[in-house]
Amino acid sequence: GMTLGYIGQPRDSMNEVWGRGRTLLLPGFAVAGIGGLIQVGAGFGWLPPVRTGSYGMLFLMLCVSLFLARHWTRTEADNVRKTAELEEARDLQLSLLPESPPQVEGLEFHFEMRTATEVGGDYYDHVEDPEQGLPAVVALGDATGHGSQAGMVVMATKGLFQTALADPDAGATLDRLSRALHGMRLERRNMALAVARFDCADECELAAAGMPPVFVHRAADDAVEEVLLGAPPLGTMRSHRYASRRLTLAPGDILLAMSDGLGEALDARGEPLGYEALAERLSEVAGRPLDEIAAAVFAAASTWSGGAAPADDQTVVLIRRVPA
């Protein structure tokens, strides 16, 4: 049979709309139907001549108008409620982020996030020794889902991450977080996360779970290295050993980590920007302050997408070893 509905409206939603409006629509269809039958009977001479069909249709139009007015009012109320929930989710997301970067001698940091219209699940954080700065652990993550769904995963991850200094290495941090998130059974919601651990200013240990590549700009020869550690997001498997990679940072070297909202920014044809273009942009602006480098990376994604609002959160974490 044929199913009528709004364009793009799911059938379940239409059933819900019909359930709300049947007390108005059923009488309208019934009266219009009965009126039409009476007029047909009058046309065949079975009943006295009457114009009940016109009155029946008029009554149906009145019922439909009342239904649409009530449905519009409810839809507006739902939109107001959803907007309020979206703002609450955005406030929650931003409240979970640290207010300032780490204070570690020999290193400088810059964190920046640009949220999408529909709040995603991007998250960054750091913990360091309150007295000496080192060791320090920095994290960049992206939870599946949006709004409050992603917020639950981010809250759980943030609580677990606060004890990262006690872990022996970056891989062990991901192992611990993954086991804990899997045990929470968050209904297939998980967290992609990259972790950089510094036990000294000139050496970094990287571990990643389901995140885009990390890029390292080498100041000595103006070259960019790609570091990709392929592994499933946290919480997807009961037990998985996350590998880590140790990098040496020379004075002036820059580490760039990004969420996938940047590399997957789409142009008008639906083509993604890709991470190589962002690595090239890093090489072009590597000599600038970190906030200007972040602005250049965001601008590359914005230009590619024609200035459109991002469909997903976009986050940049930049770490530079202070030049000698």
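Q: Which residue is the bridge partner of Ala207 in E8?
A: The partner of Ala207 there is Ser244. Helices (H or I, at least four residues) and strands (E, at least two) are DSSP runs, numbered from the N terminus. This is a predicted model, in which local features need pLDDT of at least 70 and side-chain atom pairs count only at pLDDT 80 or more, while totals for chains, interfaces and linings use all residues. Residues are numbered from 1 along each chain as its sequence is written, and side-chain values use heavy atoms, with hydrogens and water left out.

Q: How do E5 and E8 pair, and over how many bridges?
A: They are antiparallel, with five bridges between them. Two strands pair if DSSP finds at least two bridges between them.

Q: What is the order of strands in the open sheet?
A: The sheet has five strands in the order E2-E3-E4-E5-E8, with antiparallel pairing. Strand E2 (122–129) and strand E8 (244–248) are the edges; each has a single partner strand, so one side of each has no neighbour in the sheet. On average, neighbouring strands of this sheet are turned by 15 degrees against each other, direction ignored. Axes are lines fitted to C-alpha atoms, for helices over the stretch in contact, and angles run from 0 to 180 degrees between N-to-C directions.

Q: And what joins E4 to E5?
A: Seven bridges join these antiparallel strands. E4 and E5 form a hairpin with two residues between them, and Cys200 has Glu203 in E5 as its bridge partner.

Q: Why is E5 described as largely enclosed?
A: Six of its seven residues are buried, so the rest of the structure largely encloses E5. Buried means under 20% relative accessible area, exposed over 50%, and partly exposed in between (1.4 Å probe, protein chains only).

Q: Turning to E2, how many bridges does it have with E3?
A: E2 and strand E3 (residues 133–143) pair in the antiparallel sense over eight bridges. Asp122 stands opposite Asp142 in E3.

Q: Is Asp142 buried or exposed?
A: Asp142 is buried, at a relative accessible area of 11%. Leaving out residues up to four places away in sequence, Asp142 touches Gly121, Asp122, Asn190, Met191, Ala192, Met211, Asp260 and Asp312. Contact here means heavy atoms within 4.5 Å.

Q: Which peptide bond is cis?
A: The bond from Leu134 to Pro135 is cis, with omega near 0 degrees. Pro135 lies in strand E3.

Q: Next, the helices. Which strands does H4 lie across?
A: Helix H4 (residues 170–184) lies across strand E4 (191–200), strand E5 (203–209) and E8, and runs at about 25 degrees to E5. Its buried residues include Leu174, Leu177, Ser178 and Leu181.

Q: Which residue caps the N-terminal end of H4?
A: Asp169 is the cap, with a side-chain oxygen 3.1 Å from the backbone nitrogen of Gly171. Just after H4, Arg185 has a positive phi of about 50 degrees.

Q: Which residues have the most contacts inside the largest nonpolar core?
A: They are Met191, Leu193, Phe198, Leu206 and Leu234, in a core of 54 residues. A nonpolar core is a set of buried Ala, Val, Leu, Ile, Met, Phe, Trp, Tyr and Cys residues joined through side-chain atoms within 4.5 Å. Setting aside neighbours within four places in sequence, the contacts of Leu234 include Leu174, Leu177, Ser178 and Leu181. A second, separate core has 22 residues, among them Phe215, Leu262, Tyr275 and Ala286.

Q: What covers the buried residues of H7?
A: The cover includes strand E1 (107–114), strand E9 (254–258), helix H5 (260–263), helix H6 (275–285) and strand E10 (314–321). The buried residues of H7 are Leu290, Ile293, Ala294, Ala296, Val297, Phe298 and Ala301. Just after H7, Gly306 takes a positive phi of about 70 degrees.

Q: What is phi of Asp222, and where is that residue found?
A: Phi of Asp222 is near 55 degrees, a positive value in a residue other than glycine. Asp222 is in the loop between strand E6 (214–218) and strand E7 (223–227), and counts as partly exposed at 45% relative accessibility.

Q: Finally, how many helices and strands are there in the protein?
A: There are seven helices and 10 strands. Of the 324 residues, 42% count as buried.

Technical notes: Polar contact = N/O pair within 3.5 Å; in protein donor to acceptor, adjacent residues only side chain to side chain.
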